[in-house]
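Please read them alongside the sequence and the coordinates.

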Amino acid sequence: MEADAQVSQLEQALIQQAESLAREQLQNAESARARILAESAEKLKFAGEHEVLAAKVEAERLVRRHSQTAETRLVAELDRLRWTLTEATLAGVKTAFRKRVQDEARYLLALEAWLAAAAQALPPGDLVAEVRPEDERRLAPLWAGMAARAAPGRTVTLASHSQPSEGGIRVRGADNRAQLDQTFEARQARLADELARVAMERLFASAPDLGTLIHG
């Protein structure tokens, strides 16, 4: 819960920062536009028709250039905020996962659920379930019952893998033609892109006038 609260607090701080940045950039762009147009209007009083048109074109060019520069800076800053928010969220997920691993009852239930999902998703045939060496030792006395509940009618061999991992389970067909990786690292990788997308949507939701920067 403490990790969740920290992530939530950071998320709110980042969103507030994005809102402040958006307002500042919009105000600066509007002020620059008003100043440029006012200066051009003063010059227009003494110019002929040709000069009037040229001055208008130049004023609008300056306004567009200033706005584009401000938008570029804003997009870069929001991208940085998105990365920070995504990393903070993933760190919170990692902390929560570690707590689950330490809670043996909850962790075993999670492993059994992931094994059942893999048995449903993978083609018929024998399976091999790979876990960390320490989890293999933990599961060995319980494996027959867990495999029978999660994958009835299928032979599931328990094995260990050598990759560094926070935990989870990777299930593959005995013929190595298909697998479902539910290790923490694989699940985190699948979450990362979605978290980045959600983070960007949250940041732009706080600055709706700038939505066209990401979608336009």
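**Notes on the predicted model**

1. E60 is found in helix α2, residues 49-102; helices (H or I, at least four residues) and strands (E, at least two) are DSSP runs numbered from the N terminus. This is a predicted model, in which local features need pLDDT of at least 70 and side-chain atom pairs count only at pLDDT 80 or more, while totals for chains, interfaces and linings use all residues. Residues are numbered from 1 along each chain as its sequence is written, and side-chain values use heavy atoms, with hydrogens and water left out.

2. With a relative accessible area of 33%, E60 is partly exposed; buried means under 20%, exposed over 50%, and partly exposed in between (1.4 Å probe, protein chains only). The C-alpha atoms of E60 and I36 lie 8.6 Å apart, the two residues being 24 apart along the chain.

3. E112 is buried, at a relative accessible area of 16%. Leaving aside residues up to four places away in sequence, E112 touches M146, R149 and A150, a contact being heavy atoms within 4.5 Å.

4. The sheet is open, with four strands in the order β2-β1-β3-β4 and mixed pairing; two strands pair if DSSP finds at least two bridges between them. Because β2 (156-160) and β4 (179-183) stand at the edges with a single partner strand each, one side of each has no neighbour in the sheet. From one strand to the next, the twist averages 20°.

5. Strand β3 (residues 168-173) and β4 run antiparallel and are joined by five bridges. R170 has D181 in β4 as its bridge partner.

6. Helix α3 packs on the sheet, touching β1 (127-131), β2, β3 and β4, and its direction makes about 20° with that of β3. Axes are lines fitted to C-alpha atoms, for helices over the stretch in contact, and angles run from 0 to 180 degrees between N-to-C directions. Helix α5 (residues 143-150) also packs on the sheet, touching β1, β2 and β3, with its direction at about 125° to that of β2.

7. The largest nonpolar core has 25 residues, and L115, L139, W143, V156, I169 and V171 have the most contacts inside it. Such a core is a set of buried Ala, Val, Leu, Ile, Met, Phe, Trp, Tyr and Cys residues joined through side-chain atoms within 4.5 Å. At least two residues of this core come from each of α2, α3, β1, α5, β2 and β3, and α3 gives the most, with eight.

8. L115 touches A129, W143, M146, A147, A150, V156, I169 and V171, not counting residues up to four places away in sequence.
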